[in-house]
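User: I would like a close look at one part of this model. Please keep it simple and walk me through it.

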Amino acid sequence: MSTAAVSRLLRLLLLAAIATIVFGGIAGGLLRVGIALPVDLGADWPLHAAQAHAALMIGGFLGTVIGIERAVALKHRAAFIAPVSSALGGLMLLVGRPGLGASLLVAAAICFIAINIEIVRRQSQPHTWLLLASAVAWFIGNLMFAFGLDGRSVMPWWFAFLIWTIAAERLEMTRLMRRRPAAGWLLLAIVVLMVLGSATSALQSGVGGIAYGIALVCLGAWLFVFDIARRTVLADGLTRYMAVCLLGGYAWLVVAGMAWVATAIGFAARDVALHALGLGFVVSMIMGHAPVILPAVARVKLQFGVWFYLPLAVLHLSLALRLGPGFADLVPRANGALLNAFAIAFFAATVVGSALAWRYTHRAPIAQRKLP
């Protein structure tokens with residue numbers, strides 16, 4: 001096989017691994033709210049998926065996707081060790097090998113730190129340093145997970161990895177705006193507070209949770225004030241769609257922060273805190289950035305249209321159902337979770353359909369094609 005053919009095969013295998021991990025992670029999440037899978041595959045993987053739901057979605061899926069994006073940006077084959085390791089780690093978790101899966105996630109994070117160190121060496125900017133900090137947060141969370149610490153210790157670091165990655169991308173974009181001198185110092189203070197909250201959560205979950213939640217609220221406010229999205233929402237087309245995704249995500253970030261504080265002081269708001277953050281904020285960011293990142297990373301061009309707003313609307317409405325009426329009633333919580341899964345699948349179908357639409361729209365007429 002040629003080098004190009006091997007490369008294509010590896011990309012397909014990595015894509016298949018990501019799809020498998022996402023399916024497993026979503027299925028595990030549905031099982032956790034009491035929704036049984038429609039088919040019995042005669043295997044133990046649904047139980048493993050439910051037990052490792054967060055690790056699958058954050059480490060196996062998002063860690064792999066972010067790793068691929070960073071490897072493509074670095075343009076070095078060795079950089080793909082990180083996403084390959086995290087994908088393999090996710091698959092091991094899914095088949096019931098938690099020790100091996102956790103070890104592979106730790107290895108992926110170590111490689112990811114090395115990648116970001118090289119990126120900082122090439123371009124030492126505030127956003128690249130924040131990306132490096134996010135890689136370190138992922139490593140700490142993965143290491144805690146490997147040593148068997150509970151979710152209250154691990155989740156703040158895992159979410160810091162995702163939040164700082166997104167904040168770094170937005171920080172890079174704020175260079176297009178005239179920013180107040182204090183903005184950078186405010187962001188640094190918020191990051192430090194998140195570090196203190198994450199570190200303290202392993203020892204004093206109440207104190208750490210309050211600090212972490214306050215940091216989330218402050219970060220949401222910082223993004224509302226300083227991000228370019230508050231201006232681009234007045235534009236048209238893809239630019240407006242991205243801004244709507246971002247601003248909606250920032251609102252859920254504030255909700256997550258308040259719920260995180262409420263959980264820390266004794267209220268039963270953990271599901272609100274985790275899923276307002278994981279779905280409302282993170283998935284909104286994915287929906288907003290996918291039309292720009294996919295063409296750059298996967299070399300897939302998308303035909304943007306108003307239909308992109310449909311899965312976004314389903315996501316936010318289903319999350320409102322899950323975290324609103326579902327706060328006190330398991331039935332709307334389960335229905336909301338099912339619609340959350342549908343929103344993600346709907347968005348994936350929208351992306352595939354948009355890619356096919358672009359190819360159909362831009363293909364050369366048969367009469368203009370050169371015959372062999």
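Which residues does N340 touch, not counting residues up to four places away in sequence?

Analyst: This is a predicted model: local features need pLDDT of at least 70, side-chain atom pairs count only at pLDDT 80 or more, and totals for chains, interfaces and linings use all residues. Residues are numbered from 1 along each chain as its sequence is written, and side-chain values use heavy atoms, leaving out hydrogens and water.

N340 touches L279, L315, S318, L319 and R322, once residues up to four places away in sequence are set aside. Contact here means heavy atoms within 4.5 Å. N340 lies in helix α14, residues 330–362. Helices are DSSP runs of H or I with at least four residues, numbered from the N terminus. N340 is buried, at 2% relative accessibility. Buried means under 20% relative accessible area, exposed over 50%, and partly exposed in between, with a 1.4 Å probe and protein chains only.

Other residues take other places on that scale. C245 is buried, at 0%. C111 is partly exposed, at 26%. The disulfide count is zero, where a disulfide is a pair of cysteine sulfur atoms within 2.5 Å. K75 is exposed, at 75%. K75 sits in the loop between α3 (53–74) and α4 (81–94). K75 has a positive phi of about 60°, yet it is not a glycine. Most residues other than glycine have a negative phi.

Now for helix packing. Helix α7 (151–173) meets helix α12 (270–297): their axes come within 11 Å and cross at roughly 25°. Axes are lines fitted to C-alpha atoms over the stretch in contact, and angles run from 0 to 180 degrees between N-to-C directions. On the α7 side, the contact includes F159, I163 and R170. On the α12 side, it includes L274, F281 and H289. By class, this contact has 10 nonpolar, three polar and three charged residues. Ala, Val, Leu, Ile, Met, Phe, Trp, Tyr, Cys and Pro count as nonpolar, Asp, Glu, Lys and Arg as charged, and the others, Gly among them, as polar.

Helix α7 also packs with α9 (205–226), at about 15° with axes 12 Å apart. Therefore α7 and α9 are roughly parallel too. From α7, F159, I163 and R170 are among the residues that meet α9. From α9, Y212 and W222 are among the partners. This contact has 11 nonpolar, one polar and two charged residues.

Terms used. Helix = DSSP H or I, 4+ residues; strand = E, 2+ residues; numbered from the N terminus. Parallel < 35°, antiparallel > 145°, perpendicular 65-115°, else oblique.
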